[in-house]
Amino acid sequence: MKLPPYTYVLALSLIASFSVYYKPKDSAFYLKLFPPFLLGTSIVELLGSYLRYIGVYNVSLYNFFTTFEFCFYLLIISLVIINSTAKKIITAIILLYAVTAIVNIFFIQKMQTFHTVTYALGCLLVVGACIYYFLELFRLPKSVKLVNNPAFWICSGLLFFYCCSFPLYGLINYWINIKLIIRNFENIVTILNIFLYSLFTIAFLCIRTRKYTSSSS
């Protein structure tokens, strides 16, 4: 069974994510949600590869998982932004999106077809939320050292990934007849995922542990 190359970068990101538990005073709550999420992502990728290996259609698995992914990333962004009204709006969007995606998967595009409509919608929602985060970040009265800001790296990865995957996955049911795109599809997906999980890894490792010194009397 051949695993996609990016699963190895995902595994490294998963290992790096556990470091947030060893820095309890420096790690925000949203970072501690990533280890179980990345573990679940790894399991889904392994299961998806296995199903493909034995010739079983795995579109239904990715329909539900990508829906969960969008909800998770929107939740993460709602936790890193400051404006309380924006937080409530994103929370409402998560619930509405989940319902919309499930209805689409079961009754409109159906289980055996990739949910291009709600995937494209999810891309736009995550990209919009990331843009709002950056607008809020650059409007802060005090300067922030972005190199050591995990949220910056996470949102940068999400913004790039979903801007690029919007036309790729959102139109995948139409690309299926274009041989040139299908031939390079796996390579493009690999590059996007490697970039995303690499930035996640940076986010987990960029936190500086505070140094405490004691003064002698």
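Predicted model: local features only at pLDDT ≥ 70, side-chain atom pairs only at ≥ 80, totals over all residues.
1. **His 115, position.** His 115 sits in a loop.

2. **His 115, burial.** Is His 115 buried or exposed? Its relative accessibility is 0%, so His 115 counts as buried; the cut-off for buried is under 20%.

3. **His 115, contacts.** Neighbours within four places in sequence are left aside here. His 115 then contacts Tyr 62, Asn 63, Thr 66, Thr 67, Tyr 97, Asn 104, Ile 105 and Gln 109.

4. **Nonpolar patch.** Which residues form the nonpolar patch on the surface? They are Phe 64, Val 99, Ile 102, Val 103, Phe 106, Phe 107 and Ile 108. Together they have about 670 Å² of accessible area. H4 provides the largest share of the patch, six residues.

5. **Phe 106.** This patch member lies in helix H4. Phe 106 counts as partly exposed because its relative accessibility is 39%, and that class runs between 20% and 50%.

6. **Largest pocket.** The largest pocket holds about 1000 Å³ of space. It is lined by 31 residues. Closest to its centre are Asn 58, Tyr 62, Tyr 169, Ile 172 and Phe 185. Tyr 62 is also among the contacts of His 115.

7. **Pocket lining by helix.** Helix H2 (34-53), helix H3 (59-80), helix H6 (150-170), helix H7 (172-175) and helix H8 (179-205) each supply at least two lining residues. Which helix gives the most to the lining? H8 does, with eight residues.

Terms used:
Residues numbered from 1 in each chain as written. Heavy atoms only, no water. Helix = DSSP H or I, 4+ residues; strand = E, 2+ residues; numbered from the N terminus. Buried < 20%, exposed > 50% of the residue type's maximum accessible area, 1.4 Å probe, protein only. Contact = heavy atoms within 4.5 Å. Patch = residues over 30% accessible without salt bridge, like charges linked within 9 Å, V, L, I, M, F, W, Y side chains within 5 Å. Areas by Shrake-Rupley, 256 points an atom, 1.4 Å probe, with all protein chains shown as cover. Salt bridge = Lys/Arg side-chain N within 4 Å of Asp/Glu carboxyl O. 1 Å grid on protein atoms, 1.4 Å probe; cavity = no way out; pocket = protein on both sides within 12 Å on 5 of 7 lines; lining within 4 Å. Points joined across faces, edges and corners; volume = space filled by probe spheres on them.
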